[in-house]
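Here are my notes for someone opening this one for the first time. Have the sequence and the 3D view side by side as you read.

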Amino acid sequence: MVWRSLLAKHVDEELSVRKQQVDKRGEVLRNVLSLKLHDGQLKELLAHQDREMKELSALQTKTSLNDKRQCSSDKAFRPKAEVDRRLKEINDINTKKFSLERQKLKYKHEAQIEHLKRRHVSELQAIKELCEEEKSRVTKESNPEVLEKIETVM
């Protein structure tokens, strides 16, 4: 009787240690993903988006300057008032067009960030599910062992 209870206690302790190991491995893996990979991916995405925004801004500035240069050099507009009116029209058109472009890019960037965050959450969830499967596998493997050990002792 004493031997059987000692053996059962030993098997239970072994099972709990194995489950703790699985939990620790899952925790370490989640920490590595969260702190290193996920943060790095987010920073990389934000840097890429920042570059895109700067490129758009530079392109818009270039377009605006070219339009002003063309209007100023156009011989069809002789009086200064006519040139000023045309420049104002071009500025209004460009302002509207540029703000729409920036807004589209902003929405695109927000969607990219949300997609990345959803992917990160699903990766962490997958790790959690794998850990749960591993713990259930360990439990299933342990139960037949307990029965075999106890039966051989008797």
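1. Let's start with glutamate 101, which is partly exposed at a relative accessible area of 30%. For the cut-offs, buried means under 20% relative accessible area, exposed means over 50%, and partly exposed is in between, using a 1.4 Å probe and protein chains only. Glutamate 101 lies in helix α2. Setting aside neighbours within four places in sequence, glutamate 101 is in contact with Leu56 and Gln60, where contact means heavy atoms within 4.5 Å.

2. Before going further, a word on what you are looking at. This is a predicted model, in which local features need pLDDT of at least 70 and side-chain atom pairs count only at pLDDT 80 or more, while totals for chains, interfaces and linings use all residues. Residues are numbered from 1 along each chain as its sequence is written, and side-chain values use heavy atoms, with hydrogens and water left out.

3. How many helices and strands does the chain have? The secondary structure comes to two helices and zero strands. Helices (H or I, at least four residues) and strands (E, at least two) are DSSP runs, numbered from the N terminus. Helix α1 covers 2-73, and helix α2 takes in residues 80-153.

4. Now the overall shape. The radius of gyration is 33 Å, well over the 15 Å that the globule rule gives for 154 residues, so the chain is more spread out than a compact globule. That radius is taken over C-alpha atoms, and the rule is 2.2 Å times the number of residues to the power 0.38. Along its principal axes, the C-alpha trace spans about 115 × 20 × 15 Å.

5. Glutamate 101 and leucine 124 are 23 residues apart along the chain, and their C-alpha atoms are separated by 35 Å. Leucine 29 and leucine 124 are 95 residues apart along the chain, with 9.0 Å between their C-alpha atoms. Leucine 29 is found in helix α1 and counts as partly exposed at 44% relative accessibility.

6. Serine 57 and glutamate 101 are 44 residues apart in sequence and 9.8 Å apart in space, C-alpha to C-alpha. Serine 57 is found in helix α1 and is partly exposed, with a relative accessible area of 38%. For the chain as a whole, among contacts between residues at least 6 apart in sequence, 85% join residues at least 24 apart.

7. Next, glutamine 49 and histidine 109. Glutamine 49 is found in helix α1 and counts as buried at 6% relative accessibility. Leaving out neighbours within four places in sequence, glutamine 49 is in contact with His109, Gln112 and Ile113. Histidine 109 sits in helix α2 and is buried, at a relative accessible area of 8%.

8. Which residues make up the largest nonpolar core? They are Leu15, Val22, Leu33, Ile127, Cys131 and Val138, six residues in all. A nonpolar core here is a set of buried Ala, Val, Leu, Ile, Met, Phe, Trp, Tyr and Cys residues joined through side-chain atoms within 4.5 Å. Helices α1 and α2 each supply at least two residues of this core. Valine 138 is in contact with Leu15, Arg18 and Val22, leaving aside neighbours within four places in sequence.

9. Is lysine 135 buried or exposed? Lysine 135 counts as buried, at 18% relative accessibility. This residue of helix α2 touches Lys19, Val22 and Asp23, not counting residues up to four places away in sequence.

10. Last, some totals. Buried residues make up 21% of the 154 residues in the chain. The chain has 34 positive and 28 negative side chains, and the centres of the two sets lie 8 Å apart. Lys and Arg count as positive and Asp and Glu as negative, with His and the chain ends not counted; the place of a charge is NZ of Lys, CZ of Arg, CG of Asp or CD of Glu.
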